[in-house]
Amino acid sequence: MSSALLPPPSQTRLVTIVAHVDHGKTTLADNLIESNGIIGERLAGTIRYLDFDEEEQRRGITMRTSTIALRHFYTPVGNNKEKKKKERETMVVHLLDSPGHVDFAPEVTTSLLLADTALLVIDVVEGMCARTHSILREAHAHSMKPILIINKMDRLCGELRLSLKEAYVRIRALLESVNAVCANMVMRSKLERLEQQQQQSSSSTSATASK
């Protein structure tokens, strides 16, 4: 079989897209698929390419995790200054589009277990929602560091009619809320590990004293 179809693990990544419902996961997937020339630019964001099930198309939501392999071309960063023109390398990205509705939460859990990393999509107007919090907790439990994507930026001026300064304040507040949630999870994990170490230390001390 061709090596182009089955690249080595070093040139393969599994990336899942996760978000609260209607925050734009499938639209982002459409645009990434369009970048590979699989669909046209006009169809990106409207065709919902990975929602292949009739029920998904009818309801307008993702109900099952679906995947597609995309090629990503990049120029590796190296220390060889003599090599002026570096050859581009290829990375195969297996993109997983997971559901956002809470009824299909097991699909999201499975995709997080399979993936190397996650793209966390957040609607800049809706901000942190219930599913966003739970997805962040799951990702942290799997020792995953999601990549934050702030979506639907056009809503700030198109719907809310915010000025440039007001839009900046809105985006900064969103970033601060995401960072606060992440910092809280990290601190809680540290406290739990410290408590476990203290319990182990006290139990070993008790065992030594009994001897």
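# Close-up views of a predicted model

Figure 1. Setting aside residues up to four places away in sequence, Met128 touches Ile122, His133, Leu136, Leu174, Ser177, Val178 and Val181. Together with Val18, Met128 is among the residues that have the most contacts inside the largest nonpolar core, a set of 21 residues. At least two residues of this core are supplied by each of α3 (105-114), β4 (117-123), α4 (130-141) and α6 (164-210), and the largest share, six residues, comes from α6. Another core lies apart from it and has 16 residues, including Ala19, Ile39, Leu50 and Leu119.

**Figure 2. The protein chain as a whole, for orientation.** The protein chain holds six helices and five strands, which run from the N terminus in the order β-α-α-β-β-α-β-α-β-α-α. Of its 211 residues, 34% count as buried, and the chain exposes about 13,800 Å², of which carbon and sulfur atoms supply 54%. Among the contacts with a separation of 6 or more, 67% are made by residues 24 or more positions apart. The mean pLDDT of the chain is 86, with 90% of the residues reaching 70 or more; among the elements, α2 has the lowest mean value (82), whereas strand β5 (residues 147-151) has the highest (96).

**Figure 3. Ala118 in strand β4.** Ala118 counts as buried because its relative accessible area is 1%. Although Ala118 and Thr16 are 102 residues apart along the chain, their C-alpha atoms are separated by 4.8 Å. Thr16 is also one of the residues that Ala118 touches, the others being Val18, Leu112, Met144, Pro146 and Ile147, when residues up to four places away in sequence are not counted.

**Figure 4. Thr132 in helix α4.** With a relative accessible area of 0%, Thr132 is buried. When its neighbours within four places in sequence are left aside, Thr132 is in contact with His20, His23, Leu120, Ile122 and Gly127.

**Figure 5. A network of salt bridges that links Asp123, Glu126, Lys152, Arg155 and Glu159.** The structure holds seven salt bridges, and in one of them the side chains of Asp123 and Lys152 meet at 3.7 Å, N to O. This pair links distant parts of the chain, since Asp123 belongs to strand β4 and Lys152 to the loop between β5 and α5 (154-158), 29 residues apart. Asp123 is buried, with a relative accessible area of 1%, whereas Lys152 is partly exposed, with a value of 26%. In another pair, Arg155 forms a salt bridge with Glu126, and the closest N and O atoms are 3.6 Å apart. Arg155 counts as buried at 17% relative accessibility, while Glu126, at 46%, counts as partly exposed.

**Figure 6. Arg48 and Tyr49 in the loop between α1 and α2.** Arg48 forms a salt bridge with Asp51, in which the closest N and O atoms are 2.6 Å apart, and both of these residues are buried. The phi angle of Arg48 is near 50 degrees, a positive value in a residue other than glycine; most residues other than glycine have a negative phi. Tyr49, by contrast, is partly exposed, with a relative accessible area of 37%.

**Figure 7. Arg64 in the loop between α2 and β2 (66-74).** At 42% relative accessibility, Arg64 counts as partly exposed. Its contacts, leaving aside neighbours within four places in sequence, are with Asp53, Glu56, Asp97, Pro99 and Glu107. Arg64 and Leu50 are 14 residues apart in sequence, and the distance between them is 9.5 Å, C-alpha to C-alpha.

**Figure 8. Ser143 in the loop between α4 and β5.** Ser143 is exposed, with a relative accessible area of 70%. Its phi angle, near 60 degrees, is a positive value in a residue other than glycine.

Definitions and conventions: Residues are numbered from 1 along each chain as its sequence is written. This is a predicted model: local features need pLDDT of at least 70, side-chain atom pairs count only at pLDDT 80 or more; totals for chains, interfaces and linings use all residues. Side-chain values use heavy atoms; hydrogens and water are left out. Helices (H or I, at least four residues) and strands (E, at least two) are DSSP runs, numbered from the N terminus. Buried means under 20% relative accessible area, exposed over 50%, partly exposed in between (1.4 Å probe, protein chains only). pLDDT is the predictor's confidence in each residue, from 0 to 100. A nonpolar core is a set of buried Ala, Val, Leu, Ile, Met, Phe, Trp, Tyr and Cys residues joined through side-chain atoms within 4.5 Å. Contact means heavy atoms within 4.5 Å. Accessible areas come from the Shrake-Rupley method with a 1.4 Å probe; for residues, only the protein chains shown count as cover. A salt bridge is a side-chain nitrogen of Lys or Arg within 4 Å of a carboxyl oxygen of Asp or Glu.
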